[in-house]
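Q: I'm new to this kind of thing and would like to learn how to read a structure. Could you walk me through a few features?

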Amino acid sequence: MDTTQPTLSGRRRFWFIFTLLTGTWTMSISQSSLSTVYPTFMRDFGISASTVQWLTTGFMLTMVVMMPISPWLLNNIGFKKLFLTVLVLFDVGSIIIYFAPSFTIMMIGRLIKAAAVGVLFPSYQSILLTITPEEDRGSTMGVAGLVMGSALASGPIISGVVLKFTDWHGLFLVFITVATILILLSFATIQDVMVSKPSKLDVISIVMLLGFAGILYVVNEIGKANVNWTLAGALLIVSILAVAYFTYRQFHLTTPLLELRVLKTVNYDLAIFLTAISYIALIVVTIVFPLYYQGILKVSPFISGMSLVPGAVFLSILNPLTGKLAEKLGYKQIMLIGMGMIVVGWLVLTLISTQLNLLTMILIAALIEGGNAFVMMPAVTLGANSLPNQLISHGTAVITTVRQILGSAGVAVATLILSNVTASQLKAGVPTLTANLHGYHAVFLTMLGVEIVGFILALGLRDERQTTK
């Protein structure tokens with residue numbers, strides 16, 4: 001029986017959540033703000049664009065492996081020790097990068113930080129859901145969405161401001177300072193809020209988790225030049241077999257590393273795909289739209305980055321409101337509104353085949369990102385509400401892992417379609433601008449199809465307000 005829920009109230013609860021979300025926000029900033037510094041890294045370390053991209057690719061692969069381990073860590077280590085360990089790893093990783101004499105050393109620091117982020121992202125959601133009564137979870141996760149959404153808006157701004165006054169070392173000095181303050185603050189504010197359930201760590205399952213990283217790696221190689229597809233194909237087959245065995249093993253262990261029996265709950269399964277599909281829309285907007293701004297509208301990289309801010313701010317503002325609305329109107333209704341907004345955004349883009357101006361693109365981005373606010377955190381909350389409390393940590397780990405994998409795959413497919421369609425149009429003798437517009441139109445059409453599937457899935461949700469677990 002779960003006895004942890006009433007242990008936090010008043011100021012203790014406020015400072016607990018404040019420290020938790022500040023740590024999560026800082027790590028989210030660290031994840032998203034680095035791409036603006038890539039040209040500087042390439043110059044300082046004398047590396048190519050394909051090499052510097054490993055700061056993103058390696059980070060992503062490490063996160064995917066660490067996410068499914070988070071439930072075991074929560075159940076065996078205790079949240080206070082786990083949170084402090086995550087902060088220390090993040091701090092150590094930032095320090096290593098700050099003093100890195102070479103790109104290899106920098107990469108080691110980056111992977112250490114990725115391990116910390118991969119553990120924290122599912123864990124913070126599990127903790128918030130555990131300490132919050134079911135009827136208030138929508139509002140609490142809305143606040144969490146506000147924090148994470150503001151990180152999208154703050155990332156390019158913070159990195160831009162810091163880099164205006166100092167070099168890239170200054171950015172990591174900020175992370176080191178904030179992480180150190182949070183470590184000291186955590187001793188007073190963070191406490192264990194989940195019942196400890198010690199179990200043996202299944203090493204074989206951890207090894208099989210590498211299959212997720214292998215699949216994601218091969219997906220991200222699609223469309224790149226000079227790929228050894230014999231080796232990549234072999235890696236893909238081995239990775240798929242590893243994931244299949246991981247799945248089989250979880251259903252046959254007495255105490256699995258990741259409790260996949262949560263997948264037997266229909267509402268939870270729908271919530272997984274809805275949060276992933278909405279995340280695909282969000283991440284494609286943040287990556288493909290800047291390419292459109294720079295390639296079609298010919299704006300500067302700075303203007304391109306700042307053009308993402310209005311949508312991210314709109315997402316941040318809506319997140320806490322959608323949580324409250326979900327509690328009043330029902331999660332199904334809210335997610336149908338959100339998926340409807342996302343579908344309309346991509347539909348407008350597919351109906352207009354001519355060049356769009358910057359303001360129109362910003363407004364459409366805001367519509368799609370606003371729809372995400374109605375879907376992502378409400379889907380996580382609905383999924384948790386569909387599960388017993390003791391399975392929430394496993395449920396959030398599955399959701400975040402699937403979301404990361406499908407989101408990354410979505411970006412890979414979108415960029416592949418963009419490059420291939422544009423190249424085929426150019427080969428056919430079409431003018432460059434028209435060829436590029438055809439490429440983007442194909443991406444928009446693909447995204448419309450994906451999001452229509454999401455809308456159909458939302459129609460299949462059961463309204464939990466009239467049901468009990």
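Q: Which helix gives the largest share of the lining of the second largest pocket?
A: Start with the general idea: rolling a probe the size of a water molecule over the atoms shows where empty space is left. In this predicted model, H18 provides the largest share of that pocket's lining, with five residues. H18 spans 392-427, and H10 (203-221), H11 (229-252) and H12 (266-295) also supply at least two lining residues each.

Q: How many residues line the second largest pocket, and which lie nearest its centre?
A: The lining has 16 residues, and Phe212, Val243, Val398, Val402 and Ile405 are the ones nearest the centre. The space in this pocket comes to about 390 Å³.

Q: Let's turn to aromatic rings. How many aromatic pairs does a search of the whole structure find?
A: A pair of aromatic rings is described by the distance of the centres and the angle of the planes. Searching the whole structure turns up 23 aromatic pairs. Take phenylalanine 41 and tryptophan 168: their ring centres are 5.2 Å apart and their planes sit at 75 degrees, so this pair is edge-to-face. Phenylalanine 41 belongs to helix H2 (residues 38-45) and tryptophan 168 to helix H9 (residues 168-189), so the pair ties together parts 127 residues apart in sequence.

Q: Are phenylalanine 41 and tryptophan 168 buried or exposed?
A: Phenylalanine 41 is buried, at a relative accessible area of 0%. Tryptophan 168 counts as buried too, with 2% relative accessibility.

Q: What about the rings of tyrosine 292 and phenylalanine 444: how is that pair described?
A: Their centres are 6.4 Å apart and the planes make an angle of 45 degrees, so the pair is tilted. Tyrosine 292 sits in helix H12 and phenylalanine 444 in helix H19 (residues 432-459), so parts 152 residues apart in sequence are tied together. Tyrosine 292 is buried at 2% relative accessible area, and phenylalanine 444 is buried at 4%.

Q: Last one: where does the kink in H14 lie?
A: Look at asparagine 319, shortly before proline 320, where H14 has a kink of about 30 degrees. Asn319 and Pro320 are among the buried residues of H14. The helix has 21 residues and reaches 29 Å from its first C-alpha to its last, close to the expected 30 Å. Just after H14, glycine 330 takes a positive phi of about 110 degrees.

Conventions:
Residues numbered from 1 in each chain as written. Predicted model: local features only at pLDDT ≥ 70, side-chain atom pairs only at ≥ 80, totals over all residues. Heavy atoms only, no water. 1 Å grid on protein atoms, 1.4 Å probe; cavity = no way out; pocket = protein on both sides within 12 Å on 5 of 7 lines; lining within 4 Å. Points joined across faces, edges and corners; volume = space filled by probe spheres on them. Helix = DSSP H or I, 4+ residues; strand = E, 2+ residues; numbered from the N terminus. Expected span 1.5 Å × (residues − 1). Bend = angle between axes of the 7 residues up to and from the residue. Buried < 20%, exposed > 50% of the residue type's maximum accessible area, 1.4 Å probe, protein only. Phe/Tyr/Trp six-rings, centres within 6.5 Å; stacked < 30°, edge-to-face > 60°.
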